[in-house]
Each structure stands twice: as structure tokens, then as C-alpha cells.
Amino acid sequence: MNITKEEIQHIAELSRLDLSVEEVEKYRTQLSSILDYVKMLDEVKTDNVELTAQVSGLMDVFREDEVKEWDKQETEAALNLGERENGSLKVKRVLQ
Amino acid sequence: MMNLNELTIKEARVLLDEGKITSLEITEACLKQIETLDKDIHACLTVCADSARAEARVADKRLKAGERGMLLGIPYLCKDILMTKGIRTTAASKILENYIAPYDATVVMKLKGAGAVLLGKTNLDEFAHGASTENSAYGPTKNPYDLTRVAGGSSGGSAAAVASHMCLFALASDTGGSIRQPASFCGVVGIKPSYGKVSRFGLLSMTSSTDVVGPIAKTVFDAALVLNVIAGKDELDATTAPVEMTKIENKFANNTDAQPLSGVKVGLPTEYFLENLNPEVKDKIIAVANKLKLAGAEIKSVSLPYTKYGIPVYYIITPSEVSSNLARFDGIGWGLKKEEAVNLQEFYKKSRGAGFGPEAKRRIMLGTYTLSAGYYDAYYKKAQTVRTLIIEDFNKAFKKVDILLTPTSPHGAFKIGEQSNDPLAMYLEDIFVTGASLSGLPAISVPAGMIKVKDGNEMPLGAQLIAPRFQEDLMIQIAKLIV
């Protein structure tokens, strides 16, 4: 399978990764050969086989939605990371 | 007396409880060993000597006050992908170079409660992506048996540290072999518990459907001891199994010492012993089988026909889950950030492009591709259905036998740099270890002797036992008879 340069650039865009020209070429050849390899799954008949998304053996694990005490220092440290302005998290502009 | 850092937990336990040595003395011996050897081995990313000494003093006080506990005062190292409050957690990535978690992983908290002493954090492949620890952004870990060879991965730091007596045990994580393969390469014991047996709260998520936390130790006894302390249901991890699910009776527990494995059927999967398997590897595992036979076990051949699809399934499912799990590294709040970007989209791309290493990027790209519109069915869904067939293979085998015996790895540790330019070759390293991961089964790697590697030197090789889910007790009982 031959992934094109444009496809790699599109995947990089979806992945939010800035890639150099060399990286685009490297991942183009590497991903092509890895995808070639995993394509061997096509030879397996899987009609009527259920898919497995997880193996915990558990379903619908619920708990009460209640507020619990947590170490105050830890909570503050976790919630106050990043650049702040007037109590809000500051990010780069979204619209041009 | 031998060097205190060379003790097993079992040996140290006796000496500590008798008051013949102190936790501080063992801790100092470990710190000294790290200082002496780690400039060459590079097993540690962070050493927290001061807090370790403080923890050791507290443990000594508890011991003096008459308190007893299996891990009280025992120094350990922790893979740097588990959160440690106040101590840097990097995942061996540049994107988390300066990250200090505000909380402890549940397993770290449990060890703290048990009085174990945290010495520092161990090296790994960045975000646990790899089988050699060469993907660490901070340089590879060397194998203590031969510094020109890899320690295995992704928990190469933990395995090398235990093998070179920098600690009495180490915590690690296994997603597709990351505890077992480095344990095999470094000649130590590694347990990958059943999926859901140990809490993953505070473990940096890689492949959520296979990630588990487990111990690396010098003996099976020690590894089992640590597993016992860290296992259990955790409210903070909804995938941990309730107690009633994990309590499975080991029907061979009361066997006599003369015939400890009487009635136990051990399966050798034919697909793990193909023609092209290194004959020396085969001989070592057959020798283990013979040992178990002498202990009363019946050795049977079994078939796991979908074995060869384990790697392709794993390398679709893993990158898919990785691409989702690593989406949280957006440079906002914590992690590396590239401030020069003019808008948010560019900020994400620049921060992530600079922060992630080559293998993390490769997996993010691969996973984004296999999950993207038009390819989802052909790759991701297909892999999930073949995963079902792999699980059914094991289910069928366990109707005929109680446990499976295989090599952990098809060879001994390879040279640093030998495979690092070929990602596919590196993926094939996981050939014997992905099956248990995809199926959520417990597995252990125990030293099975030394084998010749290409240049004529001898390197360790591990034997792997794979058990039915939550049958760790039986697995450990059998493993103890191997070494």
C-alpha cells in the first residue's frame, strides 16, 4: 500500500502534529509498510464474529454521583496549572 | 554480610524484623549502587535521595514501634509513567519534562501506606511505546549483563534496576509485553497481572483496553508479595474487578511437596514453537517443561491457531487507543508549550510536534489513520473481531490445560541501535507477549537460563506462563518451581 504525501499531511493535521518535510517522507514509507503488514488480517474470516472492545468482564459500572472530600492542596494544584487570567485558563486565540 | 541492596525482599524482611538492619541502611546501599552504576546503565530518570531517606527513617520508627508489614522499610523504584506526588513524572517524554503530578497513583499510595521506600523513577520507552527503552527521550537503558545491549522495554529501566540491585523491587506497566520482555532480557521476574486486578489510577494511559500495572522483582516470591499489596478493587478505576470476580480457588493449592504439580496440565502452544524458533530458546523452555513434569505436571501440546494475528491486531488497536489517549497533551495547563504560535490550532501542532518523539508520533499518526473515516471498518473494527478469535483460542486451550508455557521472547537482548531504524522489526519483538495482553490474562516471565546471542556472549532468557484470568495464585505456585 502506498500512502501519499498529501494523506500523511492530512493525518498530521487531524493529529495536530507539526511535521517537518523529512518527517512527512519518513512516516509515509513507515506507515505504508506497517499498514501492508497489518493487512494480513484480511485473510481471517470474521463474518458473524463479535468485536471485542474491552476485556474487563464488567458492564455498566455505575456509582452515585456524589461529591467527595479530596486533599485540598492536591485539588488546587491540579486545577491551577497553566497560564491564568482573572481566574480563567488563558489560551491562544481561536478565530483569526 | 552481603551488600544490603542485593537482598531479596524475603531476606530483608527477616533482618529488618529482627532489628539486625535498618531501612535506612538498605536505602543507603541502594542509593550508593545507583550512584555507582547508573551513569553506565541509565535505569533511573529521577533519584529522590532525600525523600527516600526521610521515608526510610519513618519506616524504621514504625518497625521500632513494633509494627510489621511485608514491605515495611523496603526500597523500590517506580516506572516513570506512574504519578508520584511532588516527584517529577516524565513518561520519558520531552512533552512532560517538567511535570510534577499533584497526586499519587493508587499503587504508589498503597506502597506508601505499606511503608515501602520510593528511591526514584525508572526509564522507559517514551509513553511506554517500545520494546527496548531506546525510544526514551532521555537516552536508552543499557542491559546490566552487557552494556552494548538493550534492557528490553518498555519497562527497561525497572528491569535493569532490579537486575543490578539498585532496588529490591520495581513497579512497571505492561500493555503488550512491557513487563515480561525486559524481565526476560535482564534475567529477573516480571508479573503482568490480569486486566482489572491492579488499579491504573495515576498510570498514564497508553492502551486503555490492555494496560496493567505489575511488579518486577528478583524472585517469584518477592514479585508475588508486591502484587498482593498493590492488587484490589479501586473506586478510582472503574475497570478494576470486584473482589468476588477475582476470588478463584486454586484447586492445586493443597498438593503435597513431593508432587507439588500433581494433576496440573501444562500446555505448550505449538504456534509458539515453530520451525524458525531459535533451537536454544526451544531447549530452555523444554527444560522448564521437564522440570514441571518432575514436579508431577502433565505436559500437553495445545494449539492457538490465531497466534500469528496477535501482532497485527495489537498494532492496530494500540495506536488507535494511543492516538486518543495522547490527545490530552495539548500544551494547555501542563506539558511543553510553544508560545510563539499565533493561534490555538498552530499552538497545538507546534507544541505536540516539538514535544512528542518519533515513535509516539508514529503511533498517533497510525491510530489517527486507522480510526479515520473510511478506514475504521477495514482496520480498527477488523482488528477488534480478530481479537475475539484470539481470546477464544485461549478459552478453548484452557478447557484442556490449566496453564500455558512459552518463551517470553524469541531471543536474548539485542544490540543497542540494531533494530531502532525499523519500527516493524521492533513490533515483532512482541510476538509471544501480545496474546495475554489482548486477552486480559495474567502472565509471568521467570528466568530460564542463559542463551548464546549473535556475538557469542550469553544473555538471559525468560520462560512465560500464561494462566486463565485471575488465576495468579496457580501461576505463581508453578513459577516458584521454575527458579
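Reader: Which residue stands opposite Tyr76(B) in strand 6 of chain B?

Author: Tyr76(B) stands opposite Phe169(B) there. Strands, like helices, are DSSP runs numbered from the N terminus (helices are H or I with at least four residues, strands E with at least two).

Reader: What should I know about the model and the numbering?

Author: This is a predicted model in which local features need pLDDT of at least 70 and side-chain atom pairs count only at pLDDT 80 or more, while totals for chains, interfaces and linings use all residues. Residues are numbered from 1 along each chain as its sequence is written, chains are lettered from A and ligands numbered from 1 in the order in which they are written, and side-chain values use heavy atoms, with hydrogens and water left out.

Reader: Back to strand 2 of chain B: how many bridges join it to strand 6?

Author: Three bridges link strand 2 (residues 75–79) with strand 6 (residues 169–174) of chain B, and the two run parallel. Two strands pair if DSSP finds at least two bridges between them.

Reader: And how many join strand 2 to strand 3 of chain B?

Author: Five bridges connect strand 2 to strand 3 (residues 117–122) of chain B, again in parallel. There, the bridge partner of Tyr76(B) is Leu118(B).

Reader: Is strand 2 of chain B buried or exposed?

Author: Strand 2 is mostly covered, with five of its five residues buried. Buried means under 20% relative accessible area, exposed over 50%, and partly exposed in between (1.4 Å probe, protein chains only).

Reader: Changing topic, where does Lys218(B) lie?

Author: Lys218(B) is in the loop between strand 8 and helix 7 (220–230) of chain B. Lys218(B) counts as buried because its relative accessibility is 17%.

Reader: Which backbone oxygens does the side chain of Lys218(B) reach?

Author: A polar atom of that side chain lies 2.7 Å from the backbone oxygen of Asn5(B), and the side chain reaches the backbone oxygen of Leu7(B) at 3.0 Å.

Reader: Now the interface: how much area do chain A and chain B bury?

Author: They bury about 5,400 Å² between them, 67% of it on carbon and sulfur atoms. Buried area is the accessible area (1.4 Å probe) that two parts lose on being put together, summed over both. In chain A, Leu41(A), Val55(A) and Lys92(A) lose the most area to chain B, together 13% of what that side buries.

Reader: How many residues are in contact?

Author: 56 residues of chain A are in contact with 69 residues of chain B.

Reader: How many salt bridges cross the interface?

Author: The rule finds seven salt bridges, each a side-chain nitrogen of Lys or Arg within 4 Å of a carboxyl oxygen of Asp or Glu. One of them joins the side chains of Lys350(B) and Asp18(A) (3.8 Å, N to O).

Reader: Which helix of chain A supplies the largest share of the side that touches chain B?

Author: Helix 2 of chain A does, with ten residues.

Note on methods. A polar contact is a pair of N or O atoms within 3.5 Å; within protein, one must be able to donate a hydrogen and the other to accept it, and residues adjacent in sequence count only if both atoms are side-chain atoms. Contact means heavy atoms within 4.5 Å.
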